[in-house]
Amino acid sequence: MIKIDENRATKAFAMINRKIFNNILEEPKWDIDYLDTEYGYYVDGTIGLTDVFECRADFIDTLCHEMIHLCQDQVFEMDPDHGRIFNKLVKFARKEGVML
């Protein structure tokens, strides 16, 4: 089990932002708390994460997933979805070894 707080989320955000997004993303607002039905979400500039993950890989995968939605919003100025742009960014993140 891995416990998440804002400090840990911010550090992981910086690493993913550098490796995948070339530091173009602005840091979001954070909502870190127990979530019983999901690991994370993105809504209106806020990334929400559950405060406990089974392992670091689940945490990084979830954060990267939500950062892709943040990128769709901030960079592409589109409503976040799981379409073409999302899938291209997931593929790139996997190639770079950030997502499984």
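The model described here is a predicted one. Threonine 62 belongs to helix α2.

Two kinds of neighbour can be described for this residue. A polar atom of the threonine 62 side chain lies 2.8 Å from the backbone oxygen of aspartate 58. When residues up to four places away in sequence are left aside, threonine 62 touches Tyr39, Gly40, Leu49 and Phe53.

## The sheet

Strands of a sheet pair through backbone hydrogen bonds, and the pairing may be parallel or antiparallel. In this model, 3 strands make up an open sheet with mixed pairing, in the order β2-β4-β3. Strands β2 (29–32) and β3 (40–43) are the edge strands, each pairing on one side only. From one strand to the next, the twist averages 15°.

The pairing of β2 with β4 (residues 46–49) is parallel and extends over 4 bridges. Within β4, leucine 49 is the bridge partner of isoleucine 32. Leucine 49 is also one of the residues that threonine 62 touches.

## Helix α1 across the sheet

Helix α1 spans residues 6–21 and lies across β2 and β4, at about 130° to β2. At the start of α1, the backbone nitrogen of asparagine 7 has a side-chain oxygen of aspartate 5 within 3.2 Å. After α1 comes asparagine 22, which has a positive phi near 55°.

An α-helix has 3.6 residues a turn, so residues three or four places apart point the same way. The buried residues of α1 are Ala9, Ala12, Phe13, Met15, Ile16, Asn17, Ile20 and Phe21. Their cover includes β2, β4, α2 (56–74) and α3 (84–95).

## Aromatic pairs

A pair of aromatic rings is described by the distance of the centres and the angle of the planes. The whole structure contains 3 aromatic pairs. In one of them, phenylalanine 13 and tryptophan 30 have ring centres 6.0 Å apart and planes at 90°, so this pair is edge-to-face. The two residues are 17 residues apart and link distant parts of the chain, with phenylalanine 13 in helix α1 and tryptophan 30 in strand β2. Phenylalanine 13 and tryptophan 30 are both buried.

Phenylalanine 53 and phenylalanine 59 form a tilted pair, with 5.6 Å from centre to centre and 55° between the planes. Both of these phenylalanines are buried. Together with Tyr39, Phe53 and Phe59 form one aromatic cluster. Tyr39 and Phe53 are among the residues touched by threonine 62.

Definitions and conventions:
Residues are numbered from 1 along each chain as its sequence is written. This is a predicted model: local features need pLDDT of at least 70, side-chain atom pairs count only at pLDDT 80 or more; totals for chains, interfaces and linings use all residues. Side-chain values use heavy atoms; hydrogens and water are left out. Two strands pair if DSSP finds at least two bridges between them. Axes are lines fitted to C-alpha atoms, for helices over the stretch in contact, and angles run from 0 to 180 degrees between N-to-C directions. Contact means heavy atoms within 4.5 Å. Buried means under 20% relative accessible area, exposed over 50%, partly exposed in between (1.4 Å probe, protein chains only). A polar contact is a pair of N or O atoms within 3.5 Å; within protein, one must be able to donate a hydrogen and the other to accept it, and residues adjacent in sequence count only if both atoms are side-chain atoms. Rings of Phe, Tyr and Trp (its six-membered ring) pair if their centres lie within 6.5 Å; planes under 30 degrees apart count as stacked, over 60 as edge-to-face and the rest as tilted.
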